[in-house]
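Dear colleague,

The findings follow after it.

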2 protein chains.
Amino acid sequence: MATRTAEAHREEARAAYDAFLKECPTAQLLARISDKWVGLIVSALGQAEDRTMRYSELGRKIPGVSQKMLTQTLRSLERDGLVARTVTPTVPLRVDYRLTELGSNLGCLLSSVKQWAENHFDEVSAHRERHDAEAAGADAGAAAGADAAA
Amino acid sequence: MATRTAEAHREEARAAYDAFLKECPTAQLLARISDKWVGLIVSALGQAEDRTMRYSELGRKIPGVSQKMLTQTLRSLERDGLVARTVTPTVPLRVDYRLTELGSNLGCLLSSVKQWAENHFDEVSAHRERHDAEAAGADAGAAAGADAAA
DNA sequence: CCGAATCCTCCCCGATACTG
DNA sequence: CAGTATCGGGGAGGATTCGG
């Protein structure tokens, strides 16, 4: 059967994937917490009083996040035991997100990273512009050289 | 034309995007350094003697990274002034990547995060399994309830 | 009004082949 | 050894719609 081959391929691929995960399972976790929104959300929660915030508070605090990504990220954080989700079935509905002890721990680290980004933004920006300028100059030089050759 | 509408949309979207970047430029930088490969590469370089490594040393040290991602990430890090690239035009060619002072600074933070991931992996993993089990149980219960209702 | 689910597009990333 | 160019798939994520 042709499908048999495809299945075999799938199995093989899955085995390889599992082998990779077994080889380095922490890379998976690192990738999760290295997510852009994770950093912003956990930092925001870490700065809040009682490490607690409502859903729309987070939405307003973090500029440019869509509801989808907010929900998605919060769900994955809840799944990993980093935040706790509390639903208060009043009208209108109220949902609070709170950093767990584990999450609070990570929050310190990610806040440091966020802080670093804010502190060194100018420096990085300067480096970036200089580098781009040099690259443009090199390109221009190369182009001029090509012109001269032509 | 229909394409005109699409173009207008693109322009609009781009304007909104630029406005967002101007509103919160540090989010941009945070997203960059929150990249999965950035974390791994900078940590690896941070652990190395002299904070220096060759291209293929990095490739071997970091499991599952493709040459493309390695090159791409190193380029962006170089552009941001976090790593320095040194070419030694011998045969065979030799290229060394080295953390700058700025990058070394960040390296400490990212190494901490990586360390955290390694230390708390079991904990997170346990939370994850428990959460998944509860979700499955809830689903089963809901299904049973539906069956009973029917 | 707040929070979640759906659709659809674009971009990121991995695999492959080729240069110096 | 150290990259660069190209293609194709899959998933991220934004706009929109639905539920309570």
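This is a predicted model: local features need pLDDT of at least 70, side-chain atom pairs count only at pLDDT 80 or more; totals for chains, interfaces and linings use all residues.

**Interface of chain A and chain B**

The side chains of Arg79(B) and Asp132(A) meet in a salt bridge, with 2.9 Å from N to O; the term denotes a side-chain nitrogen of Lys or Arg within 4 Å of a carboxyl oxygen of Asp or Glu.

Residues are numbered from 1 along each chain as its sequence is written, chains are lettered from A and ligands numbered from 1 in the order in which they are written, and side-chain values use heavy atoms, with hydrogens and water left out.

Five residue pairs, both members at pLDDT 80 or more, are in polar contact across the interface of chain A and chain B. A polar contact is a pair of N or O atoms within 3.5 Å; within protein, one must be able to donate a hydrogen and the other to accept it, and residues adjacent in sequence count only if both atoms are side-chain atoms. On the side of chain A that touches chain B, at least two residues each come from helices H1 (2–23), H2 (25–33), H3 (36–47), H5 (67–79), H6 (101–119) and H7 (121–149) of chain A. Helices (H or I, at least four residues) and strands (E, at least two) are DSSP runs, numbered from the N terminus. H6(A) gives the most to this side, with 11 residues. By class, the side has 19 nonpolar, 10 polar and 12 charged residues; Ala, Val, Leu, Ile, Met, Phe, Trp, Tyr, Cys and Pro count as nonpolar, Asp, Glu, Lys and Arg as charged, and the others, Gly among them, as polar.

In total, 41 residues of chain A are in contact (heavy atoms within 4.5 Å) with 41 residues of chain B. The area buried between the two chains is about 4000 Å², of which carbon and sulfur atoms give 74%; this is the accessible area (1.4 Å probe) that two parts lose on being put together, summed over both. In chain A, Arg79(A), Trp116(A) and Arg128(A) lose the most area to chain B, together 18% of what that side buries.

**Helix packing**

H3(A) and H6(A) pack at an angle of about 110 degrees, their axes 8 Å apart. Axes are lines fitted to C-alpha atoms, for helices over the stretch in contact, and angles run from 0 to 180 degrees between N-to-C directions. H3(A) is thus roughly perpendicular (65 to 115 degrees) to H6(A). Residues making the contact include Gly39(A) and Ser43(A) of H3(A) and Gly103(A), Gly107(A) and Lys114(A) of H6(A). By class, the contact has four nonpolar, six polar and one charged residues.

Lys114(A) also forms a salt bridge with Glu118(A), the closest N and O atoms being 3.2 Å apart. These two residues are four apart in helix H6 of chain A, and therefore separated by about one helical turn.

**Backbone features**

A cis peptide bond, with omega of about 0 degrees, joins Val91(A) and Pro92(A). Pro92(A) lies in the loop between strand E2 (83–88) and strand E3 (94–99) of chain A. In chain B, a cis peptide bond joins Val91(B) and Pro92(B).

Yours sincerely

Conventions: Angles under 35 degrees count as roughly parallel, over 145 as roughly antiparallel, 65 to 115 as roughly perpendicular and the rest as oblique.
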